Amino acid sequence: MTTATTEKTPGQTLAKELLISSDSHVMEDPDLWFNHLPAGMKDLAPRYAKKHVDGFADKKGGWDPKARLNEMVQDGVSGEVLYPSLALTQFGIEDAALQEACFRIYNDWLADYCAVDTDRLVGVALLSTFNIQNAVQELERCRQRGLRGGLIWQVPHPDLPFTSGHYDPLWAAAEALMMPISLHILTGFGYSKNLFTMSGLDMYRNSVNVKLLEAANTMLELIMSGVFERFPALKFVIVENEIGWMPFVIEQWDRYYKRFQKSGTNPVNLSKLPSEFFDSNFYATFFNDPAGGHLLAKFGENNCMWSNDYPHGNSTWPHSREVIARDLGHLSPERRAKIVATTAQKLYDMRVTQIA
């Protein structure tokens, strides 16, 4: 068998597999909020420069759902879970009433977008968590509108840490509604507050080191503060932080948990190891992570989910099957099917079939 034939084999096999992207994006109209906020808030409306949207102009599906369905066919993708683009930065708004109004506008727009094909397009609502009862009401409203998850800040406001009981009413509602709570990069009060002014080595430090530290800290706080002891069926999705770093960090949490338990110095007392809470309560998305892909032979079979990040600059569109063949072609068909489709399908109750 020649090398060329060998290289084609994974792609030929993957050509028949169902693909669902667990993290794709819409592209909002930069004037969406100015056009829809009440008159008293228009002067506070988030505004975006032309450079923030230029990179996605060639993918009409970002704002046109009918065009998106055609572009999904080009990528061989049957379903997508949808997150915002511009609105990610709005998690750093400190005016609670303004943030709630902005998120409600986006959520209504997204629900209308997904209504074009609710089997293939799954929307995740934005939730402002300054006022937690308002967040619960918005989660319930968005569920009625057909959205199937909630997105909160990955880095909370300093006054509202995840270790507090502030979020418990939202956790209870999300658990009862079976609405996964997502934590996406570039949301909240971390490095994304200075996203458009980064320069020098901070462009690397923030894009890799700080980003992963923020995700790891949030996971640690949720696990170690006992959130899943109180809400055992609650599900979180760690979005666009990749996965290659996770096995090492989670293993180290277990190691130190056991060490501190043995020495009698453990500041927390859990019913399970941190890794067991990760397995039962967390999901994680990735899209261009060769190292993580190889680790999937032993890690994350049931809770790691592939994505294409369409229509962003890092997206694997329209070559997603080639990337999957490169990074996941070594996995068994059964394990790979979970990672590229069926885990997301079950988590979001997606009724979708192969379209490519």
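What we have is a predicted model, in which local features need pLDDT of at least 70 and side-chain atom pairs count only at pLDDT 80 or more, while totals for chains, interfaces and linings use all residues. Residues are numbered from 1 along each chain as its sequence is written, and side-chain values use heavy atoms, with hydrogens and water left out.

Let me start with the cysteines. A disulfide is a covalent bond between the sulfur atoms of two cysteines, and here the term is applied to a pair of cysteine sulfur atoms within 2.5 Å. Searching the whole structure turns up zero disulfides. C102 takes part in none, and the nearest cysteine sulfur to it, that of C142, is 14 Å away. C114 is likewise in no disulfide, with the sulfur of C142 again the nearest cysteine sulfur, at 11 Å. Are these two residues buried or exposed? Buried means under 20% relative accessible area, exposed means over 50%, and partly exposed lies in between, with a 1.4 Å probe and protein chains only. C102 counts as buried because its relative accessibility is 0%, and C114 is buried as well, with a relative accessible area of 4%.

Turning to the surface, L201, M203 and Y204 form a nonpolar patch with about 390 Å² of accessible area together. Such patches are made of residues with over 30% relative accessible area and no salt bridge, with nonpolar side chains (Val, Leu, Ile, Met, Phe, Trp, Tyr) joined within 5 Å and like charges within 9 Å; a salt bridge is a side-chain nitrogen of Lys or Arg within 4 Å of a carboxyl oxygen of Asp or Glu. The areas come from the Shrake-Rupley method with a 1.4 Å probe, and for residues only the protein chains shown count as cover. Y204 belongs to helix 7, residues 202–224, and counts as exposed because its relative accessibility is 62%. Helices (H or I, at least four residues) and strands (E, at least two) are DSSP runs, numbered from the N terminus.

Next, helix 12. Which residues of helix 12 are buried? They are S320, R321, V323, I324, A325, D327 and L328. Seven of the nine residues of helix 12 are therefore buried, so the helix is largely enclosed by the rest of the structure.

Finally, the backbone. Most residues other than glycine have a negative phi, and most peptide bonds are trans. Against that background, a cis peptide bond joins Y310 and P311, with omega about 0 degrees, and the bond from W317 to P318 is also cis, with omega near 0 degrees. P311 lies in the loop between strand 9 (304–306) and helix 12, and P318 is found in the loop between strand 9 and helix 12 too. E240, although not a glycine, has a positive phi of about 65 degrees; E240 sits in the loop between strand 7 (236–239) and helix 9 (246–263), and counts as buried because its relative accessibility is 9%. D349 is another residue other than glycine with a positive phi, near 50 degrees. D349 lies in the segment after helix 13 (333–347), and counts as partly exposed because its relative accessibility is 44%.
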